[in-house]
Amino acid sequence: MQNEDKKTDSKSGSSKWYLGSAAALLLLKGKSLLALLKFSKFGGALISMAITISTYAIIYPWGFAVGFVLLLFVHELGHVLAAKRKGIPVSAPLFIPFLGALITMKRQPLDAQTEAYVAMGGPLLGTVGAMAVYVGAYATDIPLLYALSYVGFFLNLINLLPIHPLDGGRISTAVTRWLWLVGLLGGIVVVVYLKSFLFFLIWAFFAYDLYRKYVKRNKEEVKVQSFLQKPLVNVQHLYELGYPLPGPEHTRRLSFNTYSDLEGQQYVTVYMESLDVEQTLLLPQQCLVQHVWLNGVEHIPTPDAYQLRLLCGIDYIQFENDKYYEVPASSRWKFGIGYLALAVFLMGMMYVVHQHIGDIRL
């Protein structure tokens, strides 16, 4: 027993030495590592991944923490690959401890079919990843791998629930939006079963969004919204000529022209004739532009040029594309069958893995 205790202490001391060495290396070379990551597109993803692994390792074994985050990465990679196939630029995956991971699309899909395609990529590749872990567990009989494969199947199954912003809620847009009602009612059962406050918040936001879209909107008149853009213009030539520049409190209505490109991204070109300024601004979404206002001017003199920052307020009405949910019947059937088949497969694999884990315990 004493020898075993000494070995245990030795292993513990060794692991502490490794952790201490790693911490010292991070402190000494942290700036260099961050500089390397800064030039990488996935630098933020790697940093958030490392933070998430370290956070989970406080509660779970290191092996499980690493495997769990890698499964999340594979799932998000599925979304990235699907978005690339559709020509939609996306961000690198961002990992958030105890919340999961996400990517952001830099341009919204033009139709429900594209949205569903990108959403389907995550659970599909995520299932492949969980299946690979299960094959490894079956070959080696390692309990940790069985546990990871079970969690992988479970996470992808939960993501298929027809609730926004989960993948299932987005896939439903190409099948039938009636599935959202299934998610609304079934989500209550899942909340009670999981006893998860986080999932309750997801369900609550989804329920409010449905209320806002389909109940509240029908009772209210269309509201004009607004947002602020701050283009920077060079007026050095006017400044050198002594031309009177507008003051900080200068306000006026600006003439504009708006258009959309072939990818459905909308722009507005703003004109300020007194300064011979023409600025094209990117709009965050498809909308009906009502007015463009100049709400003030910031003077920014620099050694190289005299610049003005124009505070342009854009009044708009959100555009609801009625054709967004128009999906061919053949595509609806394909997404519906694929969606159902994937859900059934994941439930079946969870049952199989659960049986293996039970056998190991016996």
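Through how many residues does a hairpin join E8 to E9? Please take E9 and its surroundings in detail.

Analyst: Some ground rules come before the answer. This is a predicted model, in which local features need pLDDT of at least 70, side-chain atom pairs count only at pLDDT 80 or more, and totals for chains, interfaces and linings use all residues. Residues are numbered from 1 along each chain as its sequence is written, and side-chain values use heavy atoms, with hydrogens and water left out.

The hairpin joins E8 to E9 through four residues. Strand E8 covers residues 287-301 and strand E9 covers residues 306-318. Strands (E, at least two residues) and helices (H or I, at least four) are DSSP runs, numbered from the N terminus.

E8 and E9 pair in the antiparallel sense, over twelve bridges. Two strands count as paired if DSSP finds at least two bridges between them.

E9 has other partners. Strand E3 (residues 225-229) pairs with E9 over five bridges, again in the antiparallel sense. There, Gln-225 has Tyr-316 of E9 as its bridge partner. Strand E4 (residues 232-234) is joined to E9 by three bridges, and these two run antiparallel. Val-233 stands opposite Leu-308 in E9.

E9 is mostly covered, with ten of its 13 residues buried. Buried means under 20% relative accessible area, exposed means over 50%, and partly exposed lies in between (1.4 Å probe, protein chains only).

Now the side chains. Arg-309 forms a salt bridge with Glu-298, with the closest N and O atoms 3.5 Å apart. A salt bridge here is a side-chain nitrogen of Lys or Arg within 4 Å of a carboxyl oxygen of Asp or Glu. Arg-309 lies in E9 and Glu-298 in E8, so the pair ties together parts that are eleven residues apart in sequence. Arg-309 is partly exposed, at 25% relative accessible area. Glu-298 is also partly exposed, at 34%. Side chains of opposite charge can pair when their charged atoms come close.

The structure holds two salt bridges. In the other, the side chains of Arg-170 and Glu-115 meet at 3.2 Å, N to O. That pair links distant parts of the chain: Arg-170 is in helix H6 (residues 167-175), Glu-115 is in helix H4 (residues 112-140), and they are 55 residues apart. Arg-170 is partly exposed, at 26% relative accessible area, whereas Glu-115 is buried at 8%.

Stay with helix H6 for a moment. Ile-171 is in this helix. Ile-171 is buried, at 0% relative accessibility. Beyond its neighbours within four places in sequence, Ile-171 is in contact with Ala-116, Ala-119, Met-120, Leu-160 and Tyr-339. Contact means heavy atoms within 4.5 Å. The C-alpha atoms of Ile-171 and Val-118 are separated by 8.6 Å, although the two are 53 residues apart along the chain.

His-79 sits in helix H3 (residues 62-85). His-79 is buried, at 6% relative accessibility. The backbone oxygen of Val-118 lies 2.8 Å from a polar atom of the His-79 side chain. The His-79 side chain also makes a polar contact with the side chain of Asp-167, at 3.2 Å. A polar contact is a pair of N or O atoms within 3.5 Å; within protein, one must be able to donate a hydrogen and the other to accept it, and residues adjacent in sequence count only if both atoms are side-chain atoms. Leaving aside neighbours within four places in sequence, the contacts of His-79 include Ile-103, Ala-119 and Pro-123.

Helix H7 (residues 178-194) deserves a short note. H7 bends by about 30° at Gly-186. The bend at a residue is the angle between axes fitted to the seven residues ending there and the seven starting there. Its buried residues include Leu-179, Trp-180 and Val-190. Just after H7, Lys-195 takes a positive phi of about 55°.

Last, the whole chain. The secondary structure comes to ten helices and nine strands. Buried residues make up 37% of the 362 residues. Among contacts between residues at least 6 apart in sequence, 62% join residues at least 24 apart.
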